[in-house]
Amino acid sequence: MAWDEWEQLKAEVAERHRNAAGTSDRPSAQMRLNQLAAPDGGGGGRPDIDIKHKGVHGAADDTETLSRDAMKRLNHALDTSDEVYAAHYGNGWLSPVQLQVCALNWEEHMVSLAKQMGDLSAKLRDSANGYRGADLEAEARLRAAVKDLRKA
């Protein structure tokens with residue numbers, strides 16, 4: 001529903017109330033919905049939070065793509081460490097073993113980070129769906145309210 005339509009409906013109902021009760025030109029407290037607080041601090045209104053669910057979905061898709069790409073690249077990222085280990089193991093040096101341990105720990109850490117990116121992608125997608133659902137519910141409630149106002 002357009003904002004102008006909502007404002008028009010509020011004005012029509014306010015006019016009916018004024019005509020019926022012979023009251024002032026000021027809308028009742030019930031009719032002052034969706035207004036920001038007055039500059040003097042009165043009114044108690046708050047600005048809207050504007051979440052773009054399509055943007056959040058886009059961020060989720062990008063994060064998922066990055067996670068998948070990172071996992072693919074991690075498959076052979078440390079192959080040269082294995083070559084160094086194989087070439088120098090058994091020659092009396094301790095460093096090849098330590099290099100392999102370090103490489104395995106680093107690979108494990110990188111895989112964990114890539115998986116976390118994938119998990120965050122799913123959470124972003126869930127958030128976007130939640131925001132979209134809340135918007136749809138709010139819209140349905142406003143439409144029902146407008147329908148009720150038209151009956152009044």
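Trainee: In which helix do Glu-64 and Arg-68 lie, and how many residues apart are they?
Mentor: Both residues belong to helix α2 (residues 53–74), where they sit four residues apart, about one turn of the helix. Helices are DSSP runs of H or I with at least four residues, and strands are runs of E with at least two, numbered from the N terminus. This is a predicted model, in which local features need pLDDT of at least 70 and side-chain atom pairs count only at pLDDT 80 or more, while totals for chains, interfaces and linings use all residues. Residues are numbered from 1 along each chain as its sequence is written, and side-chain values use heavy atoms, with hydrogens and water left out.

Trainee: What do Glu-64 and Arg-68 form?
Mentor: They form a salt bridge, with 3.4 Å between the closest N and O atoms. The term denotes a side-chain nitrogen of Lys or Arg within 4 Å of a carboxyl oxygen of Asp or Glu. An α-helix has 3.6 residues a turn, so residues three or four places apart point the same way.

Trainee: With which other residue does Glu-64 form a salt bridge?
Mentor: Glu-64 also pairs with Arg-125, the closest N and O atoms being 3.1 Å apart. Glu-64 lies in helix α2 and Arg-125 in helix α4 (residues 95–151), so this pair ties together parts that are 61 residues apart in sequence. Arg-125 is partly exposed, at 22% relative accessible area.

Trainee: How many salt bridges does the structure hold?
Mentor: There are five. One of them joins the side chains of Arg-141 and Glu-137, at 2.8 Å from N to O. These two residues are four residues apart in helix α4, so about one helical turn separates them. Arg-141 is exposed, with 59% relative accessible area, whereas Glu-137 is partly exposed at 42%. Elsewhere, shared partners join Asp-61, Glu-64, Arg-68 and Arg-125 into one network of salt bridges.

Trainee: A new topic: how many residues does α4 have, and which are buried?
Mentor: Helix α4 has 57 residues and reaches 84 Å from its first C-alpha to its last. That is close to the expected 84 Å, a span calculated as 1.5 Å times one less than the number of residues. Its buried residues include Ala-114, Ser-121 and Ala-128.

Trainee: What about Thr-63: where is it, and which residues does it touch?
Mentor: Thr-63 is in helix α2 and counts as buried, at 18% relative accessibility. Leaving aside residues up to four places away in sequence, Thr-63 touches Met-117, Ser-121 and Leu-124, where contact means heavy atoms within 4.5 Å. A polar atom of the Thr-63 side chain also lies 2.8 Å from the backbone oxygen of Ala-59.

Trainee: Which element has the highest mean pLDDT?
Mentor: Helix α4 has the highest, at 88, and helix α1 (residues 3–21) the lowest, at 69. The score is the predictor's confidence in each residue, from 0 to 100. For the protein chain the mean is 75, and 69% of its residues reach 70 or more. Over residues 27–35 the pLDDT is below 50, and this stretch has 12 contacts in the model beyond near neighbours in sequence.

Notes
Buried < 20%, exposed > 50% of the residue type's maximum accessible area, 1.4 Å probe, protein only. Polar contact = N/O pair within 3.5 Å; in protein donor to acceptor, adjacent residues only side chain to side chain.
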